[in-house]
Amino acid sequence: MRALIVGGGCRGLDLARDLVAEGHAARCVTRTEAGRTAIEAAGGECWIGTPDVIGTLRYALENVTLLFWLLGTASGDEQKVAALHGSRLRMMLEKTTDTTVRGVIYEAAGPIGEPLLASGIAEMELAREKNAIPFALLHSDPLGARDAWLAEAQQAIAGLLAGPRRTSK
């Protein structure tokens, strides 16, 4: 399994370490070369790009199984942060259509506030309805206990990789 981790900072790196330790591949997005050393030290593959410009992430989806959108702690210009949970997220989800992506994990908690998180959840639901993109939500506090957050992320991964249960008649 290959993960594309967009955002998350230190918890994203912890997730990458866990995934790599389990034999998976983790491609981690950073805005600048300054993030490369930490990503590679975690065993991840560095991808220079930004969720503010989805075109920089388009080819990062190559051979990806799960997309992680970990932007519950995003900060900065209010309109740009809102776009990360609205129009930018929508554009990224559209890019996953007809790719190897089997699911998206959205960080639905964090200090950005309920209205923005609700907007992101609505985008996830729209993508599932429109393009049958499965998703899971992370509700653990991204600034709280790291072990609880990682455990919830691992459960989300397992659920998406298991896929829908099918029975034959």
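Predicted model: local features only at pLDDT ≥ 70, side-chain atom pairs only at ≥ 80, totals over all residues.

Guide: Residues are numbered from 1 along each chain as its sequence is written, and side-chain values use heavy atoms, with hydrogens and water left out.

Visitor: How much space lies in the largest pocket?

Guide: Rolling a probe the size of a water molecule over the atoms shows where empty space is left. A pocket is an open set of points on a 1 Å grid over the protein atoms alone, where a 1.4 Å probe fits and protein lies on both sides within 12 Å along at least five of seven lines. Its volume is the space filled by probe spheres set on the points, which are joined across faces, edges and corners. Here the largest pocket holds about 510 Å³.

Visitor: Which residues lie nearest its centre?

Guide: Lining residues have an atom within 4 Å of a point. There are 29 for the largest pocket, and Gly7, Gly8, Gly9, Val29 and Arg31 lie nearest its centre. Helices (H or I, at least four residues) and strands (E, at least two) are DSSP runs numbered from the N terminus. The largest share of the lining, five residues, comes from α1.

Visitor: Which residues of α5 are buried?

Guide: Buried means under 20% relative accessible area, exposed over 50%, and partly exposed in between, with a 1.4 Å probe and protein chains only. In α5 the buried ones are Leu117, Gly120, Ile121, Glu123, Met124 and Ala127. They cover an arc of only 150 degrees, which puts them on the same side of α5; the arc is that of the directions from the helix axis to the C-beta atoms. Glu114, Pro115, Glu129 and Lys130 are exposed on the other side.

Visitor: And which residues of α6 are buried?

Guide: Trp149, Leu150, Glu152, Ala153, Ala156, Ile157 and Leu160. The buried residues of α6 fall within an arc of 160 degrees, so they line one face of the helix. Asp147 and Gln155 are exposed on the face turned away. Just after α6, Gly163 takes a positive phi of about 70 degrees.
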